[in-house]
Amino acid sequence: MEACEDILKEKLTKRVLSNKTTREGMLACIVVTWMKYLTKKGTPQPEDTVRKTVYDYAGEAFSSIGVDFEFPNLEDLKKVKAIIEERINISSMKKEAPELFDEHERICGTLFQKFEG
């Protein structure tokens, strides 16, 4: 399985992203950010563990707003991002590691700007 860092780098090099590639980039960004935060807090987790949790949360989030995981629009992706961030308690990251939170927001914003689903 391709590492989330690599997935994210690859998505960021593209000029335009489809709904699926934007979704994959956003989820990879959440995984990478959360892993960095857990490491910073002294509780590192393996990527496959973090990825499974994020994808489980994403599945629940898409279901909760009544959207198909495969065909989200940009607004759906933004809603799902907010739901997942709430589940992983991103507000504590914003307080404890603002530089990490800012990087996460910047990268997700860049991905969303490239969306042409």
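1. Elements. Helices (H or I, at least four residues) and strands (E, at least two) are DSSP runs, numbered from the N terminus. By that rule the protein chain has six helices and zero strands. From the N terminus on, the order of elements is α-α-α-α-α-α. The radius of gyration is taken over C-alpha atoms, and the globule rule is 2.2 Å times the number of residues to the power 0.38. For the protein chain the radius of gyration is 13 Å, close to the 13 Å that the rule gives for 117 residues, so the chain is as compact as a globular protein of that length.

2. Ground rules. This is a predicted model, in which local features need pLDDT of at least 70 and side-chain atom pairs count only at pLDDT 80 or more, while totals for chains, interfaces and linings use all residues. Residues are numbered from 1 along each chain as its sequence is written, and side-chain values use heavy atoms, with hydrogens and water left out.

3. Overall dimensions. Along its principal axes, the C-alpha trace of the protein chain spans about 40 × 30 × 30 Å. Contact means heavy atoms within 4.5 Å. Take the contacts in the protein chain with a separation of 6 or more: residues 24 or more positions apart account for 69% of them.

4. Accessible areas come from the Shrake-Rupley method with a 1.4 Å probe; for residues, only the protein chains shown count as cover. The accessible surface of the protein chain is about 6,300 Å². Carbon and sulfur atoms hold 52% of that surface. Of the 117 residues of the protein chain, 43% count as buried.

5. Charges. Lys and Arg count as positive, Asp and Glu as negative; His and the chain ends are not counted. Each charge is placed at NZ of Lys, CZ of Arg, CG of Asp or CD of Glu. The protein chain has 19 positive and 21 negative side chains. The centres of the two sets lie 2 Å apart.

6. The core. A nonpolar core is a set of buried Ala, Val, Leu, Ile, Met, Phe, Trp, Tyr and Cys residues joined through side-chain atoms within 4.5 Å. The largest one has 35 residues, and Met26, Trp34, Val54, Ile84 and Met93 touch the most other members. Which helices supply at least two residues each? They are H1 (4–13), H2, H3 (47–64), H4 (74–87), H5 (90–96) and H6 (98–113). H2 gives the largest share, 10 residues.

7. Met26 lies in helix H2. Its relative accessible area is 0%, so Met26 is buried. Leaving aside neighbours within four places in sequence, Met26 is in contact with Leu77, Val80, Lys81, Cys108, Leu111 and Phe112.

8. Arg23 lies in helix H2 (residues 19–40). Arg23 counts as buried because its relative accessibility is 4%. Neighbours within four places aside, Arg23 is in contact with Phe62, Phe69, Glu70, Pro72 and Leu77. Glu85 is in helix H4. Its relative accessible area is 9%, so Glu85 is buried. Not counting residues up to four places away in sequence, Glu85 touches Ile90, His104 and Glu105.

9. Glu10 lies in helix H1. At 28% relative accessibility, Glu10 counts as partly exposed. Glu10 and Lys41 are 31 residues apart along the chain, and their C-alpha atoms are separated by 28 Å. Lys78 is found in helix H4. Lys78 has 36% relative accessibility, so Lys78 counts as partly exposed. The C-alpha atoms of Lys78 and Gln113, 35 residues apart along the chain, are separated by 12 Å.

10. A backbone angle to check. Most residues other than glycine have a negative phi. Asn89 has a positive phi, near 60°. Where is Asn89 placed? Asn89 sits in the loop between H4 and H5. At 39% relative accessibility, Asn89 counts as partly exposed. Asn89 and Trp34 are 55 residues apart in sequence and 9.8 Å apart in space, C-alpha to C-alpha.

Conventions: Buried < 20%, exposed > 50% of the residue type's maximum accessible area, 1.4 Å probe, protein only.
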